[in-house]
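The sequence and the structure come next, followed by the description.

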Amino acid sequence: MVIPEMPQDDTTTAAAPEQANPSTQTEQRPWKPAALRGLRLRCPNCGEGKLLKSYLKVKHSCDNCGQELYHNRADDGPAYLTILLVGHLLGFALHITYMQFRPDPLTLALIMSLVTISASLLLLPRMKGLVVAYQWAKRMHGF
């Protein structure tokens, strides 16, 4: 079956709208400064306003510059990054601690459990800030 071609009229243009009008293109946002601001739990745009209003709840917008922050879709990304970092760090710490000091297994388990919980609670909001800032820098999900 042969599909006939549509006739070209003079009102259609061959160029895409973004290529036809360069003013509609958006400028690149540098992701490294935004990621560092996110790790500090600050607004990825200005670096001054707070990013979170509670432990993991992202503010609707920045108090300082007014940047909307509700577009984020961090979902499980921060949890995966936290598990990845804490798992690797604690794996090395467990090996070094056991080989150097040979503590009682119960003592070692209690210490490593305490360090794991503390590190996870400390890193989780920072990983959320990192993910939100990266999404802002790459203009993902409506940013």
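## Histidine 88 and the setting of the chain

Histidine 88 is found in helix H3, where helices (H or I, at least four residues) and strands (E, at least two) are DSSP runs numbered from the N terminus. With a relative accessible area of 49%, histidine 88 is partly exposed; buried means under 20% relative accessible area, exposed over 50%, and partly exposed in between, with a 1.4 Å probe and protein chains only. The side chain of histidine 88 reaches the backbone oxygen of leucine 84 at 2.8 Å.

Residues are numbered from 1 along each chain as its sequence is written. The model is predicted, so that local features need pLDDT of at least 70 and side-chain atom pairs count only at pLDDT 80 or more, while totals for chains, interfaces and linings use all residues, and side-chain values use heavy atoms, with hydrogens and water left out.

The protein chain has four helices and zero strands, and along the sequence these follow the pattern α-α-α-α. Of its 143 residues, 25% count as buried. Among contacts (heavy atoms within 4.5 Å) between residues at least 6 apart in sequence, 56% join residues at least 24 apart. The accessible surface of the protein chain comes to about 10400 Å², and 61% of that surface belongs to carbon and sulfur atoms; such areas come from the Shrake-Rupley method with a 1.4 Å probe, and for residues only the protein chains shown count as cover.

## The loop between H2 and H3

Lysine 59 is placed in the loop between helix H2 (31-39) and helix H3 (77-101), and histidine 71 lies in the loop between H2 and H3 as well. Lysine 59 counts as buried because its relative accessibility is 14%, and histidine 71 is buried with a relative accessible area of 15%.

Not counting residues up to four places away in sequence, lysine 59 touches Lys50, Leu51, Leu52, Lys53, Leu69 and Tyr70. For histidine 71, leaving aside neighbours within four places in sequence, the contacts are with His141, Gly142 and Phe143. The side chain of histidine 71 also makes a polar contact of 3.2 Å with the side chain of glutamate 68; a polar contact is a pair of N or O atoms within 3.5 Å, where within protein one must be able to donate a hydrogen and the other to accept it, and residues adjacent in sequence count only if both atoms are side-chain atoms.

## Salt bridges

A salt bridge is a side-chain nitrogen of Lys or Arg within 4 Å of a carboxyl oxygen of Asp or Glu, and by this rule the count comes to two.

| Salt bridge | N to O distance |
|---|---|
| glutamate 27 and arginine 139 | 3.2 Å |
| aspartate 63 and lysine 59 | 2.4 Å |

The pair of glutamate 27 and arginine 139 links distant parts of the chain, with glutamate 27 in the loop between helix H1 (17-20) and H2 and arginine 139 in the segment after H4, 112 residues apart. Glutamate 27 is exposed, with a relative accessible area of 56%, whereas arginine 139 counts as partly exposed at 25% relative accessibility. In the other pair, aspartate 63 counts as exposed at 63% relative accessibility, whereas lysine 59 counts as buried at 14%.

## The aromatic pair

How many aromatic pairs does a search of the whole structure find? The search finds one aromatic pair, formed edge-to-face by tryptophan 31 and tyrosine 134, at 6.1 Å centre to centre and with 75° between the planes. This pair links distant parts of the chain, since tryptophan 31 is in helix H2 and tyrosine 134 in helix H4 (residues 105-137), 103 residues apart. Rings of Phe, Tyr and Trp (its six-membered ring) pair if their centres lie within 6.5 Å, and planes under 30 degrees apart count as stacked, over 60 as edge-to-face and the rest as tilted. Tryptophan 31 counts as partly exposed at 39% relative accessibility, and tyrosine 134 is partly exposed with a relative accessible area of 36%.

## Cysteines

A search of the whole structure finds zero disulfides, a disulfide being a pair of cysteine sulfur atoms within 2.5 Å. Cysteine 46 is in no disulfide, and the nearest cysteine sulfur, that of cysteine 62, is 3.7 Å away. Cysteine 62 is in no disulfide either, and its nearest cysteine sulfur, that of cysteine 43, is 3.7 Å away. Cysteine 46 counts as partly exposed at 23% relative accessibility, whereas cysteine 62 is buried, with a relative accessible area of 4%.
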